[in-house]
Amino acid sequence: MELGRRRDLGSALGLAPAPAKPGQEPRPGAGAGAGAGAGAPGAVRARRFVLCLYLVGFLDLFGVSMVVPLLSLHVKSLGASPTVAGVVGSSYGILQLFSSAVVGCWSDVVGRRSSLLACILLSALGYLILGASTSVFLFALARVPVGIFKHTLSISRALLSDLVAEKERPLVIGRFNTASSVGFILGPMVGGYLTELDDGFYLTAFICFSVFILNAGLVWLFPWSEVKLNSTKHGLRLGKSHALLGKTDREVQEAATRRGTTVSGKPARLPWMEVVSTLRDMKSLIVSEMWDIFLVRLLMGVAVMLYYSNFVLALEERFGVRPKTTGYLISYSSALGALAGFTLGPILRLYKHNSHAVLLHSSVLTFTLLLLYSTAHTMGIVVFSSTLLSFSTAIGRTCITDLQLTVGGAQASGTLIGMGQSVTAVGRVIAPLLSGVAQEVSPCGPPSLGAALALVAIIVMSVSRPRCGGDGSDKLKSE
């Protein structure tokens, strides 16, 4: 039923056919031929919408990556001790840990447009304060709105999930990740150049603020009235009413603000009450149906973080490689990871759009490569393992997100993606601790421990395969 609601826009994107309903005239661009769909004004607008989201992802990480590498140097220049700098730096991850699921659920409740605009503008405010920070207090204050509201990419992925057919979702999200990764590659280059100028950090932070304002303007100009979104205030999938599904995002927001009653005739609840109620329902869903998916996400995330945690130091101690050369290798791997999004289409067709199987096999490859890197005796093996790891990890990240939405239901895509980000944030807290302990044993300790965690994730996926593998496994979405 959900796929049926998505077909109208999916056909406009050239992703899925949209047969006309009985007694209803065919929509422009929903004909039998792809050429007709490509020439219709609705198809052009829909494609432009998705392409604009790719641009939003690019600009977001482009702006952020200009500033992030310079934060430690700037806070040190403000007179912060290493301990204070560490506490301030960790505050972002802690805020992300607690805000990801809440903001994701909020986007399900109030609509993607309002939540996306609010997150971009409040994040821009954080970077503006950062550009004006002349003390450690202002620096720490600037990280608060960014830590709470910097969820542009998560909401954008949820919006893409609302727009496209289920089988095309991994491909579209993979391309979105590619666009974002390109921004993350280019940003540090621009930031590194700007920081060498007089007051370079402040200039870089102001440019980052300007990029976020540009992003907000782009989102504001999106043709929201021309597209149909599945995720609405009363369209959350946990037993809620689906009466508003099929309306445009603008119509949904107007309906959500009507005074007195909702579509079900019950008194309207405040948005924060709706968020709390949905999170409570999602908690029971995760415990009963999705615990293994989030566990796999945590294990694989920590495994990859352990690999990168001492990468520079390990290569210097094991092979005498200078940090500059290691930086080139990291940039090379990042570029390959960005290109991995273009390989998702053929891979998904080969696996008949079975995201669970793709995730399982990419995790097996990741485990093998981590083990190979841990035991490598030459730099050639290190380069080989890094090359393939960039592909396996990028594909795995996309597939685990798609699996969350497949099993949990795309009607609460913002909540589900937000919870996934919270799980990743937990990994960011755990990984440095595990890396420090493992590194006491050997420079190869962190990647070896990462390989062990990846093996546990593979076992969990193999055991849970009958429940969540295949195309017809989504019992929740069929209800």
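Student: Where does helix 5 bend, and by about how many degrees?
Tutor: Helix 5 bends by about 45 degrees at S99, where the bend is the angle between axes fitted to the seven residues ending at a residue and the seven starting there. Helices here are DSSP runs of H or I with at least four residues, and strands are runs of E with at least two, numbered from the N terminus. This is a predicted model, in which local features need pLDDT of at least 70 and side-chain atom pairs count only at pLDDT 80 or more, while totals for chains, interfaces and linings use all residues. Residues are numbered from 1 along each chain as its sequence is written, and side-chain values use heavy atoms, with hydrogens and water left out.

Student: What length does helix 5 reach from its first C-alpha to its last?
Tutor: Helix 5 covers residues 82-110, 29 residues, and reaches 41 Å, close to the 42 Å expected at 1.5 Å a residue; the expected span is 1.5 Å times one less than the number of residues.

Student: Which residues of helix 5 are buried, and what follows the helix?
Tutor: The buried ones include S99, at the bend, as well as V88, Q96, G104 and D108, where buried means under 20% relative accessible area, exposed over 50% and partly exposed in between, with a 1.4 Å probe and protein chains only. Helix 5 is followed by G111, whose phi is positive, near 105 degrees.

Student: What does D108 pair with?
Tutor: The side chain of D108 meets that of R112 in a salt bridge, 2.8 Å from N to O, the term standing for a side-chain nitrogen of Lys or Arg within 4 Å of a carboxyl oxygen of Asp or Glu. R112 also forms a salt bridge with D162, at 2.7 Å from N to O. Salt bridges that share partners join D108, R112 and D162 into one network.

Student: Why do R112 and D162 count as buried?
Tutor: R112 counts as buried because its relative accessibility is 0%, and D162 because its value is 1%.

Student: How many of the residues of helix 8 are buried, then?
Tutor: Twelve of its twelve residues are buried, so helix 8 is mostly covered. Its twelve residues, 152-163, should span 16 Å at 1.5 Å a residue, and the end C-alpha atoms are 17 Å apart, which agrees.

Student: How many salt bridges does the count come to, and which one involves D60?
Tutor: The count comes to four salt bridges. D60 forms one with K150, the closest N and O atoms being 2.7 Å apart. This pair links distant parts of the chain, with D60 in helix 3 (residues 41-67) and K150 in the loop between helix 7 (136-149) and helix 8, 90 residues apart. Both D60 and K150 are buried.

Student: Switching topic, what does the side chain of N310 reach?
Tutor: The side chain of N310 reaches the backbone oxygen of P443 at 2.9 Å. N310 lies in the loop between helix 12 (271-309) and helix 13 (311-319), and it counts as buried because its relative accessibility is 3%.

Student: Which residues have the most contacts inside the largest nonpolar core?
Tutor: They are V296, F311, L315, L359, Y373 and V382, in a core of 49 residues. A nonpolar core is a set of buried Ala, Val, Leu, Ile, Met, Phe, Trp, Tyr and Cys residues joined through side-chain atoms within 4.5 Å. Helix 12 gives the most to this core, with ten residues.

Terms used: Polar contact = N/O pair within 3.5 Å; in protein donor to acceptor, adjacent residues only side chain to side chain.
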